Amino acid sequence: MYKLEVDYAPVYEFVTSLYYYVNRDRLKIYELGSDWKKEVDKKLQPTFKEALKDKRMEILHRFSLLIHKCPGERTPENFITWFERLSTTEMYDCMRPWVDVIPMDMIDLHEHFVYLFTEWNEQYFKHIDPFILEVLENDANEKRELMQNLDPVDIVEHSTNGIRIESENIQKLLLVPQYHYAPLSVVDYYKGFVTCLYPIELERNSPYISKRTITIFNSLSDENRILILKSLYEKPRTFKELTEITQLAKSNLHYHVSMLRCAGLIRAHHSSERVINYSLRLDQLTTMQDRLLSYIKGSK
């Protein structure tokens, strides 16, 4: 069984928000409204927006390793200052033993990333609703309390709403709450060390049902997804088996499976870096009914 650590710092969300902005147009599943990027674009300077189009921005997800090692108060400002002062050797030391070498593009872009981080913080992140960071910190504390009664695998599945990571090759898993990428989780593997940024749901007083609940009900609005649930009721299935059952193209099946996974109706069984198979989370069907009734009765 791997060791589980729940971590929280504002800089995690800072990097996640930038990663989301860079990848937003590629995503088919998201909770932030379709107008989010348009509104953010209005706030960004043209030269900065152009700099964010660099395809090498994809390495952003690796910064979770550096955040974990950042000393002191891990605010975006402190992280940027610390990161700017890191030498190549120090960067390597912070990321050992999980990577053999730091990619050359990261070394070349070190100064450029300082510029990107500084501007993202000034033009976007420092202006976000403080309530988001408050909810993230509270959720991390709740997950730490769960560690008293649940084993790491169950806590990860509960937090991610269906990702079950079981592997003897994993020594440690870092669990971090995030808002911008919801309802998706961002999972990365580094030689026995796993970072898992799981989605949280903001709950505010509103006359409307939550977007997360709408996602759950939308997951049942397609006959292919119902067929997937039916087949998983019989037994766990591999992706290949689901392809044969549904006769869907891999890209289409991946989308449908992702919808069901984000809705929490199925679990993805991970072993190291790949998904072995999928199984049905039957109890979540009852939870769906409870969510709807709770909203209709005015409990939420």
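A cavity is a set of grid points where a 1.4 Å probe fits but cannot get out. The views below show a predicted model.

**View 1. The cavity of the predicted model.** Searching the whole structure turns up one cavity of 30 Å³ or more. The volume of the largest cavity is about 110 Å³. Rolling a probe the size of a water molecule over the atoms shows where empty space is left.

**View 2. Residues that line the largest cavity.** The lining consists of Tyr 12, Val 15, Thr 16, Tyr 19, Leu 60, His 61, Ser 64, Ile 67, Val 186, Asp 188 and Leu 197. By class, seven of the lining residues are nonpolar, three are polar and one is charged.

**View 3. Elements around the largest cavity.** At least two lining residues come from each of α1, α4 (63-69) and β4 (186-190). Helix α1 gives the most, with four residues.

**View 4. Crossing of helices α1 and α8.** Two packed helices are described by the angle between their axes and the distance between the axes. Here the axes of α1 (residues 10-23) and α8 (residues 110-123) come within 11 Å and cross at roughly 95 degrees. Angles of 65 to 115 degrees count as roughly perpendicular, and α1 and α8 are therefore roughly perpendicular to each other.

**View 5. Residues in the contact of α1 with α8.** On the α1 side, the contact is made by Phe 14, Ser 17, Leu 18 and Tyr 21. Helix α8 contributes Phe 117, Trp 120 and Asn 121. Five of the contact residues are nonpolar and two are polar, and no charged residues take part.

Technical notes. Residues numbered from 1 in each chain as written. Predicted model: local features only at pLDDT ≥ 70, side-chain atom pairs only at ≥ 80, totals over all residues. Heavy atoms only, no water. Axes fitted to C-alpha atoms, helices over the stretch in contact; angles between N-to-C directions. Parallel < 35°, antiparallel > 145°, perpendicular 65-115°, else oblique. Contact = heavy atoms within 4.5 Å. Nonpolar A, V, L, I, M, F, W, Y, C, P; charged D, E, K, R; others polar. 1 Å grid on protein atoms, 1.4 Å probe; cavity = no way out; pocket = protein on both sides within 12 Å on 5 of 7 lines; lining within 4 Å. Points joined across faces, edges and corners; volume = space filled by probe spheres on them.
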